Amino acid sequence: MRAEYSAGREVPAQGSVFAYGAAAGLLADRLFGDPRRGHPVAAFGRAAGAVERVLWRDHRGWGALHAVVCAGGTAGAAALVARGVRGRDAASVALTAAVTWTVLGGTSLGREARAVGGALAAGDVEVARERLPRLCGRDPEALDEGQIARAVVESVAENTSDAVVGALVWGALAGVPGLVAFRAVNTLDAMVGHRSPRLLRFGWASARLDDMAGWPGARLTAVLAAVAGGAPARALEAVRRDAGRHPSPNAGPVEAAFAGALGVRLGGTLAYGGRVEHRPVLNGGGRPVEVADIERAVRLSRRVGVLALGVCVGGRLLAGHLLGRRGR
């Protein structure tokens, strides 16, 4: 691979950088999971929390400023670093690989889901309840075995988009800055994008920005889950029929596709921090979720991640090739 600087040939070289770097980053995530110490996402979270303490007002404008400072500043810094290694192929690939590994969370997602599933399989519902908050924000105390299993499958589905596919999509679109920006936006939504009285207005901008950033990855995740799940017609029908009824514009298609692909029924009543929500049922013709479905969901998530890498790399290389032909 050799970097080219003529107007028509720089893009193909950058496509190759993303292809090698993203593949290496996904492999690192599969082998090692998240970095155990000094995780950059945790450092970003601490910094964003400090900015929030300074900027917080019960006002959408101040929340928008918080999002711009945190996500925009982080993406800008990533762009400067990427620009600093441009033209040095090995350094560019290494940077892309390191950032991809940092922002992906598929392996850790699978480990946490399997830990809850293992506790349920062993009959230890209390341990499963203790571990569930590592996957999602639901109140686990009132959940029985089947409800916990359903919560895990739904979390695996949603986070396949948030922690894997969405990041790869934005990496293909915008390289290292895209990877970093997507993870920053997603983290801000997790921190302040809640409907609590304190964050209802302040977190509005972060929540809407996350909806927009997650839109393409969620749709790609739904399609790939249908393809990889073994029942594409059923999965796509569940998306068509049920996704729009979900309160989240991005979780709806993903959870509906997983429900159809796995042949299970998702959605229904759940509780977040003492607040009860009655969500629509997804794939209502499916059976209730069982403990064994957690492992099936994790395996489907892993297949979707590999397919997403192929689609994103292929799309980036094709775009570079077409732009290169126009430049000649």
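**Note on the predicted model**

1. C70 counts as buried, at 6% relative accessibility. Buried here means under 20% relative accessible area, exposed means over 50%, and partly exposed is in between (1.4 Å probe, protein chains only). C312 is buried as well, also at 6% relative accessibility. The structure holds zero disulfides. A disulfide would need a pair of cysteine sulfur atoms within 2.5 Å.

2. Some ground rules for reading the rest. This is a predicted model, in which local features need pLDDT of at least 70 and side-chain atom pairs count only at pLDDT 80 or more, while totals for chains, interfaces and linings use all residues. Residues are numbered from 1 along each chain as its sequence is written, and side-chain values use heavy atoms, with hydrogens and water left out.

3. Salt bridges come next. Side chains of opposite charge can pair when their charged atoms come close. The cut-off here is a side-chain nitrogen of Lys or Arg within 4 Å of a carboxyl oxygen of Asp or Glu. The whole structure contains 17 such salt bridges.

4. Which parts of the chain does the pair of R201 and D58 tie together? The two side chains meet in a salt bridge, 2.8 Å from N to O. R201 lies in the loop between α7 (145-192) and α8 (204-228), and D58 lies in the loop between α2 (40-55) and α3 (60-85), so the pair joins parts that are 143 residues apart in sequence. Helices in this note are DSSP runs (H or I, at least four residues), strands are E runs of at least two, and both are numbered from the N terminus. R201 is partly exposed, with a relative accessible area of 37%. D58 is partly exposed too, at 37% relative accessibility.

5. D242 deserves a look. Its side chain meets that of R241 in a salt bridge, 3.3 Å from N to O. D242 is buried, with a relative accessible area of 2%, whereas R241 is partly exposed at 36%. Both residues belong to a network of salt bridges that links E237, R240, R241, D242 and R245.

6. E295 is partly exposed, at 26% relative accessible area.

7. Two arginines sit over tryptophan rings. The charged end of R57 is over the ring of W62, 4.6 Å from its centre. The charged end of R60 is over the ring of W204, 4.3 Å from its centre. The test is NZ of Lys or CZ of Arg within 6 Å of the ring centre and within 35 degrees of the ring normal.

8. A surface patch to check: L27, L31 and F32 form a nonpolar patch, with about 330 Å² of accessible area together. Patch members have over 30% relative accessible area and no salt bridge; like charges are joined within 9 Å, nonpolar side chains (Val, Leu, Ile, Met, Phe, Trp, Tyr) within 5 Å. Accessible areas come from the Shrake-Rupley method with a 1.4 Å probe, and for residues only the protein chains shown count as cover. L31 is found in helix α1 (residues 10-32). L31 is exposed, with a relative accessible area of 53%.

9. Most residues other than glycine have a negative phi. N283 lies in the loop between β2 (275-278) and α11. N283 is buried, with a relative accessible area of 5%.

10. Two prolines in loops. P140 lies in the loop between α6 (125-131) and α7. P140 is buried, at 9% relative accessible area. P140 and E126 are 14 residues apart in sequence, and their C-alpha atoms are 9.2 Å apart. P249 is in the loop between α9 (232-242) and α10 (251-262). P249 counts as partly exposed, at 38% relative accessibility.

11. E154 is found in helix α7. E154 counts as buried, at 1% relative accessibility. E154 and V304 are 150 residues apart in sequence and 15 Å apart in space, C-alpha to C-alpha.
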